[in-house]
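Let's take a walk through this fold from the inside out. Have the coordinates open and follow along.

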Amino acid sequence: MAIDDEALAQVRKRVLAGGAERYHAANAAKGKLFARERIALLVDEGSFVEDGLYANSLADGLPADGVVTGVARVDGREVCLMANDSTVKAGSWGARTVEKIIRIIERAVQYGVPMVYLVDSAGARITDQVDLFPGRRGAGKIFHTQVKASGAIPQACALFGPSAAGGAYIPAFCDIVAMVDGNASMYLGSDRMVEMVTGEKTTLEAMGGARVHCAESGVGHFLCKTEQDALDTVKAYLSYLPSNWEQRPPAAEAKDSPGTDLGALVPASERQAFDMRRYVKGLVDAGSFLEIQALWAKELTIGFARLDGEVLGVVGNNSMFKGGVLFPDSADKASRFVQLCDAFNIPLLFLCDVPGFMVGSAVEKQGIIRHGAKMITAISEATVPKICVVVRKAYGAGLYAMAGPGFDPDATIALPTAKIAVMGAEAAVNAVYANKIAALDSDEERAAFVAERRAAYEQDIDIMRLASELVVDTVVEPGDLRDELIRRYRAARGKERGFARRRHGVTPV
């Protein structure tokens with residue numbers, strides 16, 4: 001039966017309005033925007049083309065079946081996107097919701113463009129489980145499709161409300177997740193379910209709130225104050241990424257560095273901490289550093305930056321936190337970021353000031369060896385141009401984990417403050433001469449003995465000796481480092497990217 005223009009206009013108006021007014025009002029009271037408002041704030045004006053607008057339009061109270069999908073432009077570049085409409089049954093999934101999400105991810109892969117997820121969903125509608133849960137085009141197919149898209153196209157998520165139960169995996173399979181503090185949450189079971197199953201009394205915020213995931217679990221990458229902040233973060237993230245794995249990252253106009261005295265930032269004593277974030281910002285193009293996972297595993301700093309306008313992935317040890325020692329979480333943080341950069345042709349810069357991996361019974365039980373092996377695997381397999389700069393110290397397996405000479409870096413550069421050794425001088429002297437030191441009669445004798453052996457050890461690992469042995473490729477002054485890196489990355493742009501003849505390795509997870 002045909003529908004006239006007026007009737008079609010009425011249906012369209014009703015669908016575009018979303019759920020009942022009381023749900024809009026409830027969201028507004030929480031500082032939450034309507035799904036279509038979020039899209040309008042994210043994309044270039046007039047660029048959004050929607051698909052599936054009339055999904056479930058014959059059902060009562062299910063406009064667009066609770067999800068908005070389509071294609072648009074963000075800063076002039078094509079993207080595909082989906083946005084849960086939390087005014088429609090709390091953004092829950094029905095069978096057509098699931099089909100729309102699957103289709104738009106498939107389209108993003110077909111078009112070779114980024115996929116953006118604007119998530120605010122209570123999860124699956126239990127009443128519709130037979131239709132949406134178990135089938136070949138059921139909810140599981142969303143995750144299967146996301147995994148196929150991973151590394152082929154960028155996938156970015158802004159999380160504005162809940163992402164519940166199985167739906168929590170949509171953000172988990174994205175490259176990055178920006179979470180709105182106070183409203184966003186991810187959890188596999190609600191607080192009521194947790195109490196029923198385990199007896200634990202908790203809240204959604206304490207169990208899966210934005211701060212928990214951005215600072216403790218590592219599932220969240222950016223903690224945002226407002227929804228606009230989250231949308232701006234997604235835009236900023238995409239600005240560093242190519243549209244797909246076959247393209248180069250987008251270049252920008254080159255900017256000078258801020259003029260920071262890099263040498264003055266690094267204390268002479270390795271016992272004195274310094275903030276690697278300040279070092280990165282002083283080295284790269286002014287204002288270009290986008291730190292990722294700033295609140296989690298802070299002993300390692302990661303993020304995107306630009307050097308002479310070209311995109312760079314930065315991995316740096318930060319001695320301000322836990323002395324810069326590598327822990328299981330920081331190893332995981334590095335592994336995933338290195339894989340992300342390698343997938344999207346982003347060269348890597350390692351800024352090394354690492355005492356090594358943490359030791360002790362607690363971290364051994366947490367699998368520090370396994371996590372460290374995963375980090376070393378990711379760095380070994382990365383075929384993008386990668387340069388290791390030993391800023392201050394590179395001890396033990398920390399040198400390996402930071403793309404040291406044995407891991408095919410395009411260069412290993414040392415600053416005059418650099419030290420490369422199995423361990424620091426004090427620890428080494430104690431390890432080798434502990435019994436002899438203990439046998440000496442006086443404190444003066446012990447101090448003199450230790451000082452003598454320490455001086456000999458320091459001479460053995462002298463950075464110029466390591467340069468003469470070709471352990472490092474060059475030693476540069478801090479003020480010359482930026483220009484040295486620009487020239488080396490420029491020369492490495494045409495690098496051959498092969499690694500090994502195989503299907504894939506077996507990651508030690």
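A nonpolar core here is a set of buried Ala, Val, Leu, Ile, Met, Phe, Trp, Tyr and Cys residues joined through side-chain atoms within 4.5 Å; buried means under 20% relative accessible area, exposed over 50%, and partly exposed in between, with a 1.4 Å probe and protein chains only. What you're looking at is a predicted model, where local features need pLDDT of at least 70, side-chain atom pairs count only at pLDDT 80 or more, and totals for chains, interfaces and linings use all residues. Residues are numbered from 1 along each chain as its sequence is written, and side-chain values use heavy atoms, with hydrogens and water left out.

Start with the largest nonpolar core, which has 71 residues. Its members that touch the most others are Leu42, Leu118, Phe304, Val315, Phe337, Leu348 and Met375. The top contributor to this core is H14, with 6 residues. (Helices, H or I with at least four residues, and strands, E with at least two, are DSSP runs numbered from the N terminus.) Another core of 31 residues lies apart from it, and Val113, Val177, Ala184 and Met186 are among its members. In soluble globular proteins, nonpolar side chains tend to be buried together.

H14 turns up again when you look for open space. A pocket is worked out on a 1 Å grid over the protein atoms alone: it is an open set of points where a 1.4 Å probe fits, with protein on both sides within 12 Å along at least five of seven lines, and its lining residues have an atom within 4 Å of a point. Points are joined across faces, edges and corners, and the volume is the space filled by probe spheres set on them. The largest pocket comes to about 1,300 Å³. It is lined by 40 residues, and Ser150, Ser335, Arg336, Gln339 and Leu340 sit closest to its centre. Helices H7 (169-172), H14 (328-343) and H16 (368-381) each give two or more residues to that lining, and H14 gives the most, with 8.

The second largest pocket has a volume of about 970 Å³. Of its 41 lining residues, Ala122, Gly123, Pro162, Ala164 and Tyr187 are the closest to the centre. Elements giving two or more residues to this lining include helix H6 (139-149), strand S5 (155-164) and helix H8 (191-198).

Now for a strand. Which residues cover the two faces of S14 (residues 411-414)? Ala411 and Ile413 lie on one side, Thr412 and Ala414 on the other, and all of them are buried. S14 pairs (at least two DSSP bridges between two strands) with S13 (residues 386-395), in the parallel sense over 4 bridges. Ala414 is the bridge partner of Val390. S14 also runs parallel to S16 (residues 474-475), joined by 2 bridges, and there Ala414 stands opposite Val475.

What about the cysteines? A search of the whole structure turns up 0 disulfides (pairs of cysteine sulfur atoms within 2.5 Å). Cys157 is in none, and the nearest cysteine sulfur, that of Cys174, is 4.9 Å away. Cys157 is buried, at 0% relative accessible area. The sulfur of Cys224 has its closest cysteine sulfur in Cys214, 7.4 Å off, which is too far for a bond. Cys224 is buried as well, at 4% relative accessibility.

Finish at Tyr237, in helix H11 (residues 227-239). Tyr237 is buried, with 0% relative accessibility. Tyr237 and Ile292 are 55 residues apart in sequence, and their C-alpha atoms are 9.4 Å apart in space.
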